[in-house]
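Work through these exercises with the model open beside you. Try each task before you read its solution.

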Amino acid sequence: MMFSALQSLPLSVPRVAGESATSLAARLARRNGAPRLITFCSDMGLDHRGLTNGSDTEVLRLAALAGCAPELLLNWTPRLTADSWFRLGRERIKFTAFARTRIRACPTCLAGGRTAHQAIWQLSSIRRCRTHGCLLVELPVTPANKEIFDFAYHATRVRSGSFDTITADESQLENYLLARIQGGTGKEWIDRLPFHVAAQTSENLGALILLGPDAPRDLITEAEWHQAGSIGLSIVFRRATFTP
């Protein structure tokens with residue numbers, strides 16, 4: 001079947017800039033009375049697993065059902081392109097850079113009833129909502145974790161005010177990573193590193209400087225990791241431009 005021949009659903013939702021295909025599908029599901037994304041996929045003939053892995057075929061089918069332009073939806077959906085690697089925007093990113101077994105969200109977005117999930121929130125080193133300037137929070141998931149990509153379902157189950165809202169300064173590391181996703185790599189030596197290596201190098205170096213060598217990694221808070229990323233990246237760039 002040609003995608004152009006698919007009829008868009010009579011009840012639709014506008015695509016939100018930066019959201020992934022699973023986020024749009026989850027909102028579209030609830031708009032059309034399906035309680036969960038997996039049910040909606042079954043009803044619409046979408047391959048749920050393929051959609052969560054960013055299959056071009058399933059994303060294009062979803063775009064047709066939603067009546068939206070497919071290019072931006074593809075661009076902002078993490079797409080599995082090879083074993084352990086995804087494509088997001090213009091970056092090829094190893095799976096270790098993602099947090100795909102937990103759901104993080106902006107508490108201010110949740111309090112405002114927003115159920116769109118930004119694709120970059122799947123990246124471990126993105127810890128701040130660019131719209132509201134607050135740190136992301138982790139949402140509770142169901143025991144079987146079957147709805148891990150069904151953000152609209154989880155967002156409607158969360159009570160407003162359930163999470164603390166912690167504001168955070170703009171992050172140099174997050175700006176750098178987003179620039180790589182949107183525009184590709186630059187010419188500094190760090191740009192030649194894989195995305196996940198550049199992110200983890202910056203954060204680990206920053207944590208070492210900020211907290212010392214003996215700080216237990218599992219006790220480092222999101223706010224400290226956020227700060228560490230900016231510190232580490234500034235050291236990396238300072239080193240790269242240093243001439244004796």
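Helices here are DSSP runs of H or I with at least four residues, numbered from the N terminus. The model is predicted.

**Exercise 1. Which helix gives the most to the lining of the second largest pocket?**

Solution. 
- Start with the space. The second largest pocket holds about 190 Å³.
- List the lining. Thr96, Ala97, Arg102, Ser124, Ser125, Arg127, Gln200, Glu203, Asn204, Arg217 and Trp225 line this pocket.
- Find the helix. Helix α9 spans residues 195–211 and gives the most, with three residues.
- Sort by class. The lining divides into two nonpolar, five polar and four charged residues.

**Exercise 2. Describe the largest pocket by volume, lining and class.**

Solution. 
- Take the volume. The largest pocket comes to about 300 Å³.
- Look at the lining. There are 17 lining residues, and Ala17, Gly18, Gln118, Trp121 and Thr131 lie nearest the centre of the pocket.
- Sort by class. Nine of the lining residues are nonpolar, five are polar and three are charged.

**Exercise 3. How do helices α1 and α4 pack, and which residues make the contact?**

Solution. 
- Recall the approach. Two packed helices are described by the angle between their axes and the distance between the axes.
- Locate the helices. α1 covers residues 21–31 and α4 covers residues 56–66.
- Read both values. The angle is about 40°, and the axes are 10 Å apart.
- Name the arrangement. Angles under 35 degrees count as roughly parallel, and 65 to 115 as roughly perpendicular. α1 and α4 are therefore oblique to each other.
- The crossing of α1 past α4 is left-handed.
- Identify the contact. α1 supplies Ala21, Leu24, Ala25 and Leu28, while α4 supplies Val59, Leu62, Leu65 and Ala66.
- Sort by class. This contact has eight nonpolar residues, with no polar and no charged ones.

**Exercise 4. How many cavities of 30 Å³ or more are there, and what lines the largest cavity?**

Solution. 
- Think of the probe. Rolling a probe the size of a water molecule over the atoms shows where empty space is left.
- Count. There are three cavities of 30 Å³ or more.
- Take the largest cavity. Its volume is about 130 Å³.
- Look at its lining. Of 14 lining residues, Ile103, His117, Gln122, Ile148 and Phe149 are the closest to the centre of the largest cavity.
- Assign elements. α1 and β4 (103–105) are the elements that give two or more residues to this lining.
- Sort by class. The lining of the largest cavity has six nonpolar, five polar and three charged residues.

Note on methods:
Residues are numbered from 1 along each chain as its sequence is written. This is a predicted model: local features need pLDDT of at least 70, side-chain atom pairs count only at pLDDT 80 or more; totals for chains, interfaces and linings use all residues. Side-chain values use heavy atoms; hydrogens and water are left out. Axes are lines fitted to C-alpha atoms, for helices over the stretch in contact, and angles run from 0 to 180 degrees between N-to-C directions. Angles under 35 degrees count as roughly parallel, over 145 as roughly antiparallel, 65 to 115 as roughly perpendicular and the rest as oblique. A crossing is left-handed if the near helix is turned anticlockwise from the far one by less than a right angle, and right-handed if clockwise. Contact means heavy atoms within 4.5 Å. Ala, Val, Leu, Ile, Met, Phe, Trp, Tyr, Cys and Pro count as nonpolar, Asp, Glu, Lys and Arg as charged, and the others, Gly among them, as polar. On a 1 Å grid over the protein atoms alone, a cavity is a set of points where a 1.4 Å probe fits but cannot get out, and a pocket is an open set with protein on both sides within 12 Å along at least five of seven lines; lining residues have an atom within 4 Å of a point. Grid points are joined across faces, edges and corners, and a volume is the space filled by probe spheres set on the points.
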